[in-house]
Structure formats: structure tokens, C-alpha cells
Amino acid sequence: MPHIDIIGGGMAGLALGIQLQQKGYNTTIYEQHSVAGGLCTSWQRGAYTFNGCLHWVLGARSGISFYHFWKELFDIDQLSFYMPTERVVFDVPLPDKNGCKKFFFYTNINQFEHYLLSIAPEDATEIAHWCKQVRMIMPLLDYLPPVWPDKLLARTKLALKMIRLLPLLPFMRQWGKLTNRTYSQRFNNVFLRKAISMLYDAEMRMTVLIFAQAYAAKQVAQYPIGGSAYFASQLVARYSSLGGTLRLSAKVKNIIVSNNKAQGVVLSNGERTMADFVVSAADWHWTVFDALGGQYLNKALSRLQHPPKDEVFFSYCRLFIGVALPMTDVPHFARIATEPITLPDGTHYDHLEVETYNNDPTLAPHGCVTMAVNLLTREGEWWISLRKNNISAYRETKQQLETELLQRLEQYYGAEWRSRVEVTDVVTPATFYRYTGNFWGSSQGWSPRPDITKRLPIGYTLPQLHNFMLCGHWTEAGGGIPVAIYSARKVAKLIELNFRK
Ligand SMILES: Cc1cc2nc3c(=O)[nH]c(=O)nc-3n(C[C@H](O)[C@H](O)[C@H](O)COP(=O)(O)OP(=O)(O)OC[C@H]3O[C@@H](n4cnc5c(N)ncnc54)[C@H](O)[C@@H]3O)c2cc1C
């Protein structure tokens, strides 16, 4: 059987390895880091595990096609998941009509609608309109994206069922251009108007937010107990059990091409490998402009050598904290009102997003908890060049950020909380870049576009280059691990077709 080299042992590379091994191909995954999983990772600090990635996995439970995609890779049903009653609880700078300055973003759509009506009855029509969209999308998730069966009759039946997706067209047209900030202006109630403008930690498209609400309401996206590295390790185990070769600490320097055909890879230690086909499940920008030296471009790809900042999804600065307190009385996911803070990269926040992993006993010793403060930023390039050009200034900047964040958290959670902080760690876009190579430290590839059905300029193939494909969260719209494994599934099928020719 043909041999396939896969660059990158993130979720996409691992999923592709599994799909191809199952189809009988021989594969080798080259991963630059000493562990696989890519962005989907966690790490230890003392007795605490810091969950570096997942707050939810789409397809954790049946009712959405991604569940079937996970089942193709491993037995996801044997994992435990958690779904909070409220997806987010956040402080609003003014009170609702009952004097409460918190907004509860309930998971259950009926509970959410009742809650909204109770605080803003004057907006009943708009509230009903919004919740109707979420309910309309929930049953459609089974077909998004469709899992096409091999048999013709079954395929035809599914194609007929797809007519149910037609209501999505007017939905995309109506909601595609709205963000939570522009949508909030439709509400009369001032508390609700403010709260809707704060639904996401930055301005986000309403189509994305409504889909996320539908996932939560249907309980098909949940947090995996054990955290991100444990989740990724399920794919590593499955890949190894199928006979795949995972080479860790194996950084690829470039891709060997002869007569416009990819033929293998060169590792940073000079080792050369030969293969019948090469897939890069690593960062697309590195692949196109470094590993292939910018030889295989078209106009759209050339433009993206220096993309506009808002086309690349946010990166993060994150402060991780291990606290010797159970913190069972705080919401799992909160946005708390604190003194405003401006990152040295210029990004401003008037509140902090805090995850408290009081739902996952595996991450901390009994009676203790891990927490993470998330600061979204589009200034990845700033952090990466600071680290590259002045490592001591970079370290000082991280230290200062930690001090400022802990001060604000102490004001919010109290001096007792501060005295129980046992370990901390700060990551920045430069950390994401260093460990995974993602362009500007992007956490999910591209930003969502106004029309999420529109094709991205990056596809699976590159102009004029044969025996080569791209895979991973840069190759599909939507971002996240579902997109990574979905792309792997598609690439595996395309490779199969290629070798059948
Ligand atoms: C803080 C955070 C929270 C997130 N939360 C969620 C969430 O709740 N749900 C969700 O679905 N998604 C979430 N995501 C997004 C998700 O983690 C990513 O979209 C997904 O993991 C991308 O997988 P990938 O395999 O495409 O890319 P990556 O994870 O980037 O994998 C690429 C791999 O290639 C390797 N590589 C790069 N260059 C080379 C080279 N030269 N040689 C060898 N190997 C190389 C890298 O080391 C890496 O392992 C989050 C991301 C972040 C950062």
C-alpha cells in the first residue's frame, strides 16, 4: 500500500492518520513537539493540570453529524462529559429590573426564553424571534454536515431529507451580517441591550452565536472530563493501535518536490524521508511560504501572505491558576467586572473572562481547583516578535501581566482567595506559535466570515502541486476540532480516490 507522510500531530493529523490506517495505508506522522495533540493540550504545574484548550467538544453526544465522525475515530461514548446549566454568567454594568447585575446565558432554550421574558417583557417579539431561530436549527444539526452513506438508495434518501435545510438560506441572509453588538440595538430594554452586546468576549457574528446556542441547547457540545490532553490521547492511542508511526520531536523543515510532485519531507536534523503522498496538517502559512518556499500560489493565496488582522481568528493571553480552594459556588464560565486592563499589545478589556474548572475533579487535588483567565487578542504578531527580538522584555511583560491580573482577581474573589493561590502560568500568542506553529498564534484558523457557506481561499490542494494536500483547521470555515477532524475525513477520502485512479 502507498506510504503517506503527515506533517503535524494535532487533532487533524491524528484523525487523518487513523482514517488512512483504517483504509489500509501506511502512514507516518511527524510532530515537532514532544507530545501530540497540537493546540488540544494540557500541562502539569505542581499538583495541578492546566487545561490549555477545550471548553467544549462538538459531537460529544449523538444528535449532530460530528458525533458520527468521532465514532469513526474512537469510542467517544466511554468518555465523561459535562454541560453546565449556564454557558456563561457575566456581570453587566447596570441592573436588570429586579436589581440583579448578572446575565445568565442559560443552556436550555426554554429556560433562556423564560429568563429573557422575565427581565424584558417589552422585548417579547424580538426574544421569540431569536429563540425561534435556535429551535429551528436544533433538529437540522443531524445533517450538518451530512454523513453520506455509500449505498445509492441511502444516499438518495438522505439527499431528499436535506430539503429540511432550506430554512437555513433565509436565516443566513437575515442574520449573517448581524453581530451581537449590532443585534443588541434592536432591544428596548437597556439591561438586555447591554448584555447582548457582551454575549461574546469580542464582537461576534450572530449566526455563530445562534449555532452555538443550538449545540448547547441540544447538549451535543460538552466539556470532556479529563481535559484537552486526555482527550487528544484517545486519538494517539487509537492511531498507535492501528499500526501508525508517530514520530515526536520530529520537526519538518521542508517538503521534497520533484516534477511538481510531493515526494517526502526533510526534517530539521537533515533526515530525508520518501513517500507516495504528503499531507500537511500543520499551519498553512508555514506550509505554503516556508516548507514549499512560496512556489505553489495563486492570486488569492499570495494576498494572504500578509492577511488583514481581522481575517485570522483571535489568539489568547491566558493566566492559569491553581488554587487551594474548591470554588464550587462560582460559575464554571464567567465574565467578571473588574478594573479595566489594557494589554501591552494595546488590546483593552473592561472585564475578565474566567473559567473555573470546578466541574472536573481530575485537574486538581481534592478541595482545590484550576482557573484560567482568557484574554482574546488579534495582536499575535506583536507577541511573537517581542519574544523573538527581546526575550527578557517578553518575560518581564508576562510577569507584569500576571501581577496585574492577580490584583484584579484578588479585588473580585478576596484576599483569602489570593492567599490560596499555589501555582500560576501565563501563555501568550507567542506560546501558541512556539508550540504549534499557528500563524499569529491563531486559536482556530480563520475568523468566521459574514457568509459562512462561502468557500475559503485555502482549499485542500495547492495550484500545480500533485501528491500533496493540506488538512486541519485552516482548510475549512468554522474553526475548532470538529473542523480539524472533518477536514481529515475529507482528505482521507480524496487520497483514496487519488490512488484508485
Ligand atoms: C485556548 C483555546 C481554546 C480552544 N477551545 C476549543 C473548544 O472548546 N472547542 C474546539 O472545538 N476547539 C477549540 N479550540 C480550537 C482547537 O484547539 C483547534 O482548532 C484544533 O485543535 C486545531 O487542530 P489542528 O490539528 O488543525 O491544528 P494544530 O492543533 O495547530 O496542529 C498542528 C500540529 O502541527 C505541528 N507542526 C507544526 N509545524 C510543524 C513542523 N514543521 N513539523 C512537524 N510538526 C509541525 C504542531 O506542533 C501541531 O501539533 C481552542 C483553541 C485554543 C487555543
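Residues are numbered from 1 along each chain as its sequence is written. Because the model is predicted, local features need pLDDT of at least 70 and side-chain atom pairs count only at pLDDT 80 or more, while totals for chains, interfaces and linings use all residues.

**Exercise 1.** Work out the strand order of the open sheet and find which strands stand at the edges.

*Solution.* Start with the terms: helices (H or I, at least four residues) and strands (E, at least two) are DSSP runs, numbered from the N terminus, and two strands pair if DSSP finds at least two bridges between them.

Step 1. The open sheet has 7 strands in the order 8-7-16-17-18-15-19, with mixed pairing.

Step 2. Strand 8 (102–106) and strand 19 (421–427) each have a single partner strand, so one side of each lacks a neighbour in the sheet and they are the edges.

**Exercise 2.** Describe the shell around the ligand.

Step 1. The ligand is surrounded by 39 residues, and the closest are Gly-8, Gly-10, Gly-38, Gly-472 and Gly-480.

Step 2. Sort by helix: helix 1 (11–22), helix 16 (429–436) and helix 17 (480–500) each supply at least two residues of the shell. Helix 17 gives the largest share, 4 residues.

Notes
Near = placed C-beta within 6 Å.
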